[in-house]
Amino acid sequence: MEHRITCPLCEAMCGLRVTVDAGTVTTVRSNPDDVWSRGHLCPKGASLQHIHHDPDRLRLPLVRNRAGEHVQVSWDDAFAETERVLRPVLDRHGVRAVSVYIGNPVAHNLGLETYVGALVGMAAAAGMPAYYTPGTVDQWPLNVVSALLFGGMWNAPIPDLDRTDHLMMLGANPSASQGSMLSAPDIMGRLAAIRERGGTVVVVDPRRTQTARRASEWIPVRPGTDALLLFAILRTLDETGGIRRPAHLVGMLDGLDDVLALAAPFSPERVAPATGISADTIRRLAADLAAARRPVLYSRIGACTQEFGTLATWLVFVVNAALGSIDSPGGALFPKAPVWSPMFMKPPDQDGPGWRFGRFHSRVRGAPEVLGQFPVSCLAEEIDTPGDGQIRGLITVAGNPALSAPGAGRLDTALHGLDAMISVDNWLNETSRHADVVLPGLSPLERPHCDDLYWMYSIASCVKWSDPAVPPPGDRPEEWQIMLRLAGALLGTPVPDVDIAAMDDLYTQGIVYTACQAADTPLFGRDPAEVFAALKGVGPERMIDLGIRVGPWGDDLGRRPGGLTLAEVRGHPDGLRLGDLEGGRLAEVLSTPSGRIELMHPLFAADVPRLLARVDRPDDGLVLTSRRHLRSNNSWLHNVAGLMRGRDRCTLLIHPADADREGVGDGEQVDISTSEGTITVVAEVTDEMMPGVVSLPHGWGHGADGTRMEVANAHPGVNLNLLNPAALVDVPSNTQVVNGVPCRIRSRRAPLPVSAR
């Protein structure tokens, strides 16, 4: 039997055709009839059948026995053991001694994405100080900038790829990521189309990635200096009359002149040595942007996860505003998401106009909260530092911070010392191996799927619902039910006794009530009881029914007859295409206190002196950056044999000039060191790196004792986060710096210096 589903592995949301024969998945192919992807497919999507049939994927819970080994148990026994290890922590120390880590896969899992809020929300209400996510090691600058400029932390314009004639990308590599906070099928094809219609694609990156190879021009930049480049471009635009003030932005844009004043010290000549880009090139980049009819800038993870990630991300939008590109066709447009999500609401704890940061601080380091979170590297010190408020219990949800958190060595040790650890995970990996109980979810093909968040960053408005391609086992709880059970436990109910149906109603009613009180939601002013009564189904289906019905094309819970409901969407297995990107939406999408784009904020201005000091700082010497690969989704897919075939991808890329200077040969083992530690890795000498910069991929470091991932452990690689310093952060957003880390390398062939013998 053939099933039409949406791939849940990344933001591309491609349509697939999955063939199942007697419970066995036989083929996974692209769906040419999918209204969104039209037959596009990447190697990750084709791996779904291998993920489903992976013999290492957990089907039953695991419990750690007295010998320290993980053994399979029944669900009843697993819930009983969860209660046994978790309750003493709660009784002795309270919920404030427990925290939660939420991994990136949560955003691609309907049950977890819609119900992890029950776990963290109810835990916070019961007294949990903070929770942790990879947000502070990838995208937090974008969330901070979106909140301050446009009013919502998930509300930012995207490049209009199909109409722009000049695209400048900074720190973005869609050839590997398929797009990040930019959802589009076949992004690389769209970049090629820009050039085919006479346009220009410029890639600013310290590495000549596959994206850069296919661009019109590659501009190598010293990691961590993107903000210097952007300030210099902004100053040059101002000096040469390149600032545009189109009619559609008149009265809708505040602070541009203030930012232009801040740009004054950053001349191309002054920033050239630090950035590694000549003054003439910077002036030409600015001139090309000014001459383009429909220019747009776009930045992603590489620009976020650096020393000045917030300023770099902010200045991308400032330059777009200065070019008149925001809300203009071919520029940066605001998508219209067909499915409303509670994530789009301003969090209830952010009361009053605008957004506030630093409302509380971490116990050990004193790090200020930003959007409710501390840097993820704080987790280790909060676990292993004794004292009032010490974390003694941890729940990890579809995450692997032992590989993904900077300062990973300390965290790996700290996890072993917890009094209680529960992991919701489908594999016994480098993190879950420390857990007392591992509660597995369903495979991606056993659960329904519907995206909501990523339509906020998509080049068209579509909606798709996928039923499971493979019927899930009837005796297994779904992830959303596990979230409710753990949430109930943190509120005081024994884990086995939690009433899932009652918790589901309580959680949904809480979301509805909050949305009906919030002015930035489509439910504002409605009667919560009437809204709740109008919803259909239970669990994630009820949440998605709500999101579709109050979305732009929904039936508004009966007030708009003929509008969409989940039932209607389910009748279209290839999805519904509802609209394309369009301009003229500023008044509709902005939720800032002024109702305008607020380019200037004290948070940004306060960090400019730190950036200015960077201009004249002595060169750091060799610096380290991270990278990803098309066949690797962080650490998720390393247990898929088909994706691990071919040459070793966990290598240290190094420019020939640097290799010659350090006496490093291609294919040789080298030691690479930072202030955090030293690891040994194979060097790959290549001119795709700019001189002075080396690169390691993230998500590797398998082969740890106690893990059960045969393919991944046969291709272990090295853990980049054993090198990334825990304390190195971008100040305004608390984002971990993993691009531009000072490092040293030494050939394993070289003799040790006398002092080290």
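## Strands 22 and 28

Strand 22 (residues 669–673) and strand 28 run antiparallel and are joined by four bridges. Strands here are DSSP runs of E with at least two residues, and helices are runs of H or I with at least four residues, numbered from the N terminus. Aspartate 671 has arginine 746 in strand 28 as its bridge partner.

Strand 28 (residues 744–747) has two faces. Ile745 and Ser747 form the covered face, while Arg744 and Arg746 form the uncovered one. In a regular strand, side chains alternate between the two faces of the sheet.

## About the model

This is a predicted model, in which local features need pLDDT of at least 70 and side-chain atom pairs count only at pLDDT 80 or more, while totals for chains, interfaces and linings use all residues. Residues are numbered from 1 along each chain as its sequence is written, and side-chain values use heavy atoms, with hydrogens and water left out.

## Domains

The chain is divided into domain 1 (2–53), domain 2 (139–338 + 584–604), domain 3 (508–561) and domain 4 (619–747). These bounds come from an automatic or database domain assignment. The centres of domain 1 and domain 3, taken over C-alpha atoms, are separated by 31 Å.

Strands in the order 1-2-3 make an open sheet with antiparallel pairing. Two strands pair if DSSP finds at least two bridges between them. Strand 1 and strand 3 (24–30) stand at the edges with a single partner strand each, so one side of each has no neighbour in the sheet. From one strand to the next, the twist averages 30 degrees. Such angles are taken between N-to-C directions of lines fitted to C-alpha atoms, and run from 0 to 180 degrees. Strand 2 (residues 15–21) is joined to strand 3 by six bridges. Arginine 17 stands opposite arginine 29 in strand 3.

Histidine 3 sits in strand 1 (residues 2–6). Is histidine 3 buried or exposed? Histidine 3 counts as buried because its relative accessibility is 19%. Buried means under 20% relative accessible area, exposed means over 50%, and partly exposed is in between (1.4 Å probe, protein chains only). The side chain of histidine 3 reaches the backbone oxygen of alanine 469 at 3.2 Å. Leaving aside neighbours within four places in sequence, histidine 3 is in contact (heavy atoms within 4.5 Å) with Leu16, Arg17, Val18, Val20, Pro468 and Ala469.

Another open sheet has six strands in the order 5-4-16-15-14-6, with mixed pairing. Its edge strands are strand 5 (70–72) and strand 6 (98–102), and each pairs on one side only. On average, neighbouring strands of this sheet are turned by 20 degrees against each other, direction ignored.

Strand 15 (residues 420–424) and strand 16 (residues 437–439) run parallel, with three bridges between them. The partner of serine 423 in strand 16 is valine 438.

## Helix 17

Helix 17 (residues 479–490) has 12 residues. From first C-alpha to last, helix 17 reaches 17 Å, close to the 16 Å expected at 1.5 Å a residue. The expected span is 1.5 Å times one less than the number of residues.

How many residues of helix 17 are buried? The count is 11 of its 12 residues, so the helix is mostly covered. Among the buried residues are Trp480, Met483, Arg485 and Leu490. Just after helix 17, glycine 492 takes a positive phi of about 120 degrees.

## Two positive phi values

Most residues other than glycine have a negative phi. Aspartate 327 has a positive phi near 65 degrees. Aspartate 327 lies in the loop between helix 13 (309–322) and strand 13 (332–333), and counts as buried at 6% relative accessibility.

Leucine 371 also has a positive phi, near 55 degrees. Its place is in the loop between strand 13 and helix 14 (378–384). Leucine 371 counts as buried at 11% relative accessibility.

Proline 732 lies in the loop between strand 25 (729–730) and strand 26 (735–736). Proline 732 is buried because its relative accessibility is 7%. Proline 732 and glycine 358 are 374 residues apart in sequence, and 10.0 Å apart in space, C-alpha to C-alpha.

Glycine 302 is in helix 12 (residues 301–304). With a relative accessible area of 25%, glycine 302 is partly exposed. Leaving aside neighbours within four places in sequence, glycine 302 is in contact with Gly171 and Asn739.

Conventions. A polar contact is a pair of N or O atoms within 3.5 Å; within protein, one must be able to donate a hydrogen and the other to accept it, and residues adjacent in sequence count only if both atoms are side-chain atoms.
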